[in-house]
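I opened the notebook to record what I looked up in this structure. The entries follow the order of my looking.

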Amino acid sequence: MFLLILCLFVAGPALAHGSNWFDEQAAASSSGSPSIRIDLSEQKAYFYKGGQLVGESLISSGKKGFRTSPGNFRVLAKRPNHRSSIYGSFVDRSTGRVVKADVDTRKHRRPPGTYYRGAKMNHYIRFNGGIGLHASGHVPRYPASHGCVRMPPHMARVFFRYSRVGMPVKVTY
């Protein structure tokens, strides 16, 4: 038992918590500014507070043709219950049933008797134009999005809670 505890202490939080973890106590008590680093080759996002790693999450970034751009950005806005203005579904006005899913409003025309409902992007942290981190129920650990950075809902929630408008977001390969 002692050896296991020693291994967890030496190996650090990643081994102790797995690939999705966040130390809220460290995030709340650490001095310094928060920042996020997104590693596209690893398909992971890292949350730092004052240079100290306090959280790590698996992600799914932009797929071919919709690649998430690398670069240095800043958080432009945060929206807890955001919906996409481009990707979503056409929904029948009378029944509420989805008539056409996976709609791109720039390419698809809305059928008569329907309305557009944007895809949910809860805990949205926008950092590059319309690109941001957000919660998703589908995070396959490979590039699969339309450019945004998908995160498991519980991780998106905690990254959202501790992020600030204006904080740095670095996206690398």
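Entry 1, a bridge in the sheet. Which residue in E11 is the bridge partner of Gly71? I looked it up and found Val171. I note here that the model is a predicted one. The pairing of E5 with E11 is antiparallel and is made over four bridges.

Entry 2, the sheet as a whole. I then wrote down the strand order, which reads E1-E4-E3-E2-E11-E5. The sheet is open, has six strands, and its pairing is mixed. Which strands are at the edges? They are E1, residues 21-22, and E5, residues 71-74, and each of them pairs on one side only.

I looked at E2, residues 34-39, and at E3, residues 44-49, which pair in the antiparallel sense over six bridges. Pro34 has Lys49 as its bridge partner in E3. I also looked at E2 with E11, where E11 covers residues 168-172. These two strands run parallel and are joined by four bridges. Here I picked out Asp39, whose bridge partner in E11 is Thr172.

Entry 4, the chain in totals. I counted four helices and eleven strands in the secondary structure. The chain has 173 residues, and 41% of them count as buried.

Rolling a probe the size of a water molecule over the atoms shows where empty space is left. For the largest pocket I wrote down a volume of about 710 Å³. It is lined by 27 residues, and those closest to its centre are Ser84, Tyr87, Ala119, Met121 and His146. Which strand gives the largest share of the lining? E6 does, with eight residues. E6 (77-92), E7 (98-104), E8 (114-128) and E9 (131-135) each supply at least two lining residues. Sorted by class, the lining has twelve polar, eight nonpolar and seven charged residues.

I found Met155 in helix H4, which covers residues 153-162. Is Met155 buried or exposed? Its relative accessible area is 3%, so Met155 counts as buried, the cut-off being under 20%. Neighbours within four places in sequence aside, Met155 is in contact with Asn20, Trp21, Phe22, Glu56 and Ser57. I also looked up Gly55, which is 100 residues from Met155 along the chain. The C-alpha atoms of Met155 and Gly55 are separated by 8.8 Å.

I looked up Val99 next and found it in strand E7. Gly113 is 14 residues from Val99 in sequence, and their C-alpha atoms are 9.9 Å apart.

Definitions and conventions:
Residues are numbered from 1 along each chain as its sequence is written. This is a predicted model: local features need pLDDT of at least 70, side-chain atom pairs count only at pLDDT 80 or more; totals for chains, interfaces and linings use all residues. Side-chain values use heavy atoms; hydrogens and water are left out. On a 1 Å grid over the protein atoms alone, a cavity is a set of points where a 1.4 Å probe fits but cannot get out, and a pocket is an open set with protein on both sides within 12 Å along at least five of seven lines; lining residues have an atom within 4 Å of a point. Grid points are joined across faces, edges and corners, and a volume is the space filled by probe spheres set on the points. Ala, Val, Leu, Ile, Met, Phe, Trp, Tyr, Cys and Pro count as nonpolar, Asp, Glu, Lys and Arg as charged, and the others, Gly among them, as polar. Two strands pair if DSSP finds at least two bridges between them. Buried means under 20% relative accessible area, exposed over 50%, partly exposed in between (1.4 Å probe, protein chains only). Contact means heavy atoms within 4.5 Å.
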